[in-house]
Amino acid sequence: MPGPLQLGRIVWADIADANGVRKLRPAVIVTPSDRITSVAPLEVIAVTSRVPEPLPNDHVLLPCAG
């Protein structure tokens, strides 16, 4: 069973892309842990493997293991 929702945890979330197409995507929770409740929406940042070049200002390149 997964652990509790908390800041920094990676979860699957239903997120729309720039064209409005919704699908399950990995995302990092950025809501502070003490503000997470069962009724409030979570703030998340989507994770993608499609990295445009040049990297836009609103993107952060994550380190890759392996």
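Accessible areas come from the Shrake-Rupley method with a 1.4 Å probe, and for residues only the protein chains shown count as cover. The views below all show a predicted model.

**View 1. The whole protein chain and its accessible surface.** The accessible surface of the protein chain comes to about 5700 Å², and carbon and sulfur atoms account for 59% of this area. Along its principal axes, the C-alpha trace spans about 40 × 30 × 25 Å. The protein chain has 66 residues, of which 12% are buried.

**View 2. Three strands in an open sheet.** The protein chain contains 0 helices and 3 strands, and its elements, read from the N terminus on, follow the pattern β-β-β. These 3 strands form an open sheet in the order S1-S2-S3, with antiparallel pairing. Strand S1 (10–16) and S3 are the edge strands, since each of them pairs on one side only. From one strand to the next, the twist averages 50 degrees. In general, the strands of a sheet pair through backbone hydrogen bonds, either parallel or antiparallel.

**View 3. The pairing of S1 with S2.** Strands S1 and S2 run antiparallel and are joined by 7 bridges. One of the residue pairs to look for here is isoleucine 15 and lysine 23, where lysine 23 is the bridge partner in S2.

**View 4. The salt bridge of arginine 22 with aspartate 14.** The structure holds 3 salt bridges, and this view shows the one between arginine 22 and aspartate 14, whose closest N and O atoms are 3.3 Å apart. Arginine 22 counts as exposed because its relative accessibility is 51%, and exposed means over 50%. Aspartate 14, with a relative accessible area of 46%, is partly exposed.

**View 5. The salt bridge of aspartate 17 with arginine 25.** The side chains of aspartate 17 and arginine 25 meet in a salt bridge, with a distance of 3.8 Å from N to O. Arginine 25 has a relative accessibility of 16% and therefore counts as buried, the limit for buried being under 20%. Aspartate 17, in contrast, is partly exposed, with a relative accessible area of 32%.

**View 6. The salt bridge of glutamate 43 with arginine 35.** Here the side chains of glutamate 43 and arginine 35 meet in a salt bridge, at 3.9 Å from N to O. Glutamate 43 is partly exposed, its relative accessible area being 42%, and arginine 35 is also partly exposed, at 47%.

View 7. Leu7, Val30 and Ile45 make a nonpolar surface patch of about 250 Å². Valine 30 is placed in the loop between strand S2 (22–29) and strand S3 (44–46).

**View 8. Serine 49 in the segment after S3.** Serine 49 has its place in the segment after S3, and at 73% relative accessibility this residue counts as exposed. Serine 49 and alanine 27 are 22 residues apart along the chain, and their C-alpha atoms are separated by 12 Å.

Key: Residues numbered from 1 in each chain as written. Predicted model: local features only at pLDDT ≥ 70, side-chain atom pairs only at ≥ 80, totals over all residues. Heavy atoms only, no water. Salt bridge = Lys/Arg side-chain N within 4 Å of Asp/Glu carboxyl O. Buried < 20%, exposed > 50% of the residue type's maximum accessible area, 1.4 Å probe, protein only. Patch = residues over 30% accessible without salt bridge, like charges linked within 9 Å, V, L, I, M, F, W, Y side chains within 5 Å. Helix = DSSP H or I, 4+ residues; strand = E, 2+ residues; numbered from the N terminus. Pairing = 2+ DSSP bridges. Axes fitted to C-alpha atoms, helices over the stretch in contact; angles between N-to-C directions.
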